[in-house]
Amino acid sequence: MSEISVIQGDVLKTELPYFDICVANIPYQISSPLTFKLLNHQPAFRCAIIMFQREFAMRLVAQPGDKLYCRLTVNTQLHARISHLLKVGRNNFRPPPKVDSFVAVQALKLSQEGDSLNETNAKVDFSDFGDFDDDQGMEVDDDEMDVEDGGADEVQNEFKEKVLGVLKEGDFEEKRSSKLTLEKFLDLLSLFNKAGLHFS
């Protein structure tokens, strides 16, 4: 006989027990934090079926070069395979909201055998890469490198040269981050790690 446990509380603040499948209709304002809480949940579960606001769901499945391809896309696709199940139009609700919805499936890559990304660290966080504009490359901005110690200019120039060297080594100098695949992001991260530059 199966047991059912009812847990009452804020899902973002509640420690979740083991589960295999998640099915949820959530408040759209918690879409991002809940998505990453689920994707980082251990032990890993098989899949999640969640209804999101249309624009959020489109970002989850965006491809390199798409206008909606962003940091959210990269972080999410690093952990899971995501696909749309169905569109839920606003007229399916009473009263109708101002937005359309999509039901999306997130199947964890950790449970997929034979996936090349399984060999990488599934907990890599790309959040420090930030959101890049489509019109900008991966150039280094001097204004963003503040060094408080003495010899700031020398340290800053050395760091800049190191970063530019990594970008040149991997042929990333003229690349746009909005067009890089997950594999290319991981290649770039690996080059930075080999050069002693680590992101946390």
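**Chat about a predicted chain**

Reader: Where is Asp10 found, relative to strand S1?
Author: Asp10 is found in the segment before strand S1, which covers 21-25; strands here are DSSP runs of E with at least two residues, helices are runs of H or I with at least four, and both are numbered from the N terminus. This is a predicted model, in which local features need pLDDT of at least 70 and side-chain atom pairs count only at pLDDT 80 or more, while totals for chains, interfaces and linings use all residues. Residues are numbered from 1 along each chain as its sequence is written, and side-chain values use heavy atoms, with hydrogens and water left out.

Reader: OK, and what relative accessible area does Asp10 have?
Author: Asp10 has a relative accessible area of 37%, so this residue is partly exposed. In this scheme buried means under 20% relative accessible area, exposed means over 50%, and partly exposed is in between, with a 1.4 Å probe and protein chains only.

Reader: Which residues does UniProt place under "binding site"?
Author: The UniProt record, an unreviewed entry, puts that feature at Met1, Asp10 and Asn25. Its positions are in the numbering used here, feature names are shortened, and annotations may be inferred rather than shown by experiment.

Reader: And where does Asn25 lie, and at what relative accessibility?
Author: Asn25 lies in strand S1, and at 57% relative accessibility Asn25 counts as exposed.

Reader: Let me step back: how many helices and strands does the chain have?
Author: There are 5 helices and 4 strands in the chain, and along the sequence they follow the pattern β-α-β-α-α-β-β-α-α. Buried residues make up 36% of the 200 residues.

Reader: Which residues of H1 are buried, and what covers them?
Author: In H1 the buried residues are Ser31, Leu34, Thr35, Phe36, Leu38 and Leu39. Their cover includes the strands S1, S2 (47-53), S3 (80-88) and S4 (101-108), together with helices H2 (54-60) and H3.

Reader: At what angle do H1 and H3 cross?
Author: The axes of H1 (residues 31-39) and H3 (residues 71-79) come within 10 Å and cross at roughly 25°, which makes H1 roughly parallel to H3. Axes are lines fitted to C-alpha atoms, for helices over the stretch in contact, and angles run from 0 to 180 degrees between N-to-C directions. Angles under 35 degrees count as roughly parallel, over 145 as roughly antiparallel, 65 to 115 as roughly perpendicular, and the rest as oblique.

Reader: Which residues make that contact of H1 with H3?
Author: On the H1 side they are Ser32, Thr35, Phe36 and Leu39, and on the H3 side Leu72, Asn75, Thr76 and His79, where contact means heavy atoms within 4.5 Å. By class, the contact has 3 nonpolar, 5 polar and no charged residues; Ala, Val, Leu, Ile, Met, Phe, Trp, Tyr, Cys and Pro count as nonpolar, Asp, Glu, Lys and Arg as charged, and the others, Gly among them, as polar.

Reader: What about H3 and H5, at what angle do they pack?
Author: H3 and H5 (residues 182-194) pack at about 95° with their axes 10 Å apart, and they are therefore roughly perpendicular to each other. Val74, Gln77 and Leu78 of H3 meet Leu182, Phe185 and Leu186 of H5 in this contact, whose residues divide into 5 nonpolar, 1 polar and no charged.

Reader: Changing topic to the backbone, which peptide bonds are cis?
Author: The bond from Gln42 to Pro43 is cis, with omega near 0°, and so is the bond from Arg94 to Pro95, with omega near -5°. Pro43 sits in the loop between H1 and S2, and Pro95 in the loop between S3 and S4.

Reader: What is phi of Asp171, and where does Asp171 lie?
Author: Phi of Asp171 is near 60°, a positive value in a residue other than glycine. Most residues other than glycine have a negative phi, and most peptide bonds are trans. Asp171 lies in the loop between H4 (152-169) and H5, and counts as exposed at 53% relative accessibility.
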